[in-house]
Amino acid sequence: MKKQLITLLPLLLCTVILFAQENPQTKATDNSIEGQFKDVVDESNNYQEYKVIKKYQINQLRKNILDSISDLESKIATSKTEIDQKAKKIDSLTSKLKTTKEDLSVSKEKENGIEILGILTQKSTYNTIMWSIIVLLLVGLAFIFYKFKNSHKVTKDSQLKLAETEMELETNRQKSLEREQKLRRKLQDEVNKNRNK
């Protein structure tokens, strides 16, 4: 029996060692905090209604929790920085959009308007003003042409009357001259007659 025990003992030890080595490999490790808590509780010993946890396990769990918290705080800080940067970018883009809309509005006003004497007016108003000016100028030009034509006619009539008057005057002068010559002759004749007597 001793021989059997000596023979079985190494075999038993090998089996225990193999079982001990297989057990951790087959066990799936859960690295989440909840999984680590579960592992610590599962691997701890029971004492009455309490669990006895090994110091290195609780310290490792504490370290892991603090690392996770630090990592989360770092991620939160990074996310907050990104959010702040994106908020600033959104504000900047909103401001640019507002400026662009204002510029577009001004451009549309300029496109639909024309500056007259430094005053921006709409094209329809400009067209109305320009056509009114053109019509007034045409009316003024027609009036001036009428007046010119009328005065030209009056001038022609006056020149014609002047020519007629000058002709009448010339005729009257000729007649007067002839009468005067006749009267002189008569007078001369009378003077000659009187001398002869």
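1. Glutamine 57 lies in helix 3, where helices (H or I, at least four residues) and strands (E, at least two) are DSSP runs numbered from the N terminus. With a relative accessibility of 8%, glutamine 57 counts as buried; the terms used here are buried for under 20% relative accessible area, exposed for over 50%, and partly exposed in between, with a 1.4 Å probe and protein chains only. The side chain of glutamine 57 makes a polar contact of 2.6 Å with the side chain of glutamate 43. A polar contact is a pair of N or O atoms within 3.5 Å; within protein, one atom must be able to donate a hydrogen and the other to accept it, and residues adjacent in sequence count only if both atoms are side-chain atoms. If neighbours within four places in sequence are set aside, glutamine 57 is in contact (heavy atoms within 4.5 Å) with Val40 and Glu43.

2. Some notes on the basis of these values should be kept in mind. This is a predicted model, in which local features need pLDDT of at least 70 and side-chain atom pairs count only at pLDDT 80 or more, while totals for chains, interfaces and linings use all residues. Residues are numbered from 1 along each chain as its sequence is written, and side-chain values use heavy atoms, with hydrogens and water left out.

3. How many helices and strands does the protein chain have? There are 4 helices and 4 strands, and, read along the sequence, they follow the pattern α-α-β-β-α-β-β-α. Of the 197 residues of the protein chain, 5% count as buried. Among contacts in the protein chain with a separation of 6 or more, 17% come from residues 24 or more positions apart. The chain exposes about 18600 Å², of which carbon and sulfur atoms supply 60%; such accessible areas come from the Shrake-Rupley method with a 1.4 Å probe, and for residues only the protein chains shown count as cover.

4. The mean pLDDT of the protein chain is 82, and 85% of its residues reach 70 or more. Among the elements of the chain, helix 1 (residues 2-26) has the lowest mean pLDDT, 54, whereas helix 3 (residues 55-111) has the highest, 90. Over residues 22-27 the pLDDT is below 50, and this stretch has 2 contacts in the model beyond near neighbours in sequence.

5. Two residues of helix 2 can be read side by side. Glutamine 36 is found in helix 2 and counts as buried because its relative accessibility is 15%. Its side chain is joined to that of asparagine 64 by a polar contact of 2.8 Å, and, leaving aside neighbours within four places in sequence, glutamine 36 is in contact with Asp30, Asn31, Leu61 and Asn64. Valine 41 also has its place in helix 2 (residues 33-43), but it counts as partly exposed because its relative accessibility is 36%. Valine 41 and isoleucine 53 are 12 residues apart in sequence, and their C-alpha atoms are 7.2 Å apart in space.

6. The structure holds 4 salt bridges, a salt bridge being a side-chain nitrogen of Lys or Arg within 4 Å of a carboxyl oxygen of Asp or Glu. One of them joins lysine 63 and aspartate 67, whose closest N and O atoms are 3.4 Å apart; both residues lie in helix 3, 4 residues apart, which is about one turn of the helix. Lysine 63, at 46% relative accessibility, counts as partly exposed, and so does aspartate 67 at 41%. Another salt bridge links aspartate 71 with lysine 75, with 3.6 Å between the closest N and O atoms. Because aspartate 71 and lysine 75 are 4 residues apart in helix 3, they are separated by about one helical turn.

7. A further salt bridge is found where the side chains of arginine 184 and glutamate 180 meet, at 3.0 Å from N to O. Both residues lie in helix 4, 4 residues apart, about one turn of the helix.

Definitions and conventions
pLDDT is the predictor's confidence in each residue, from 0 to 100.
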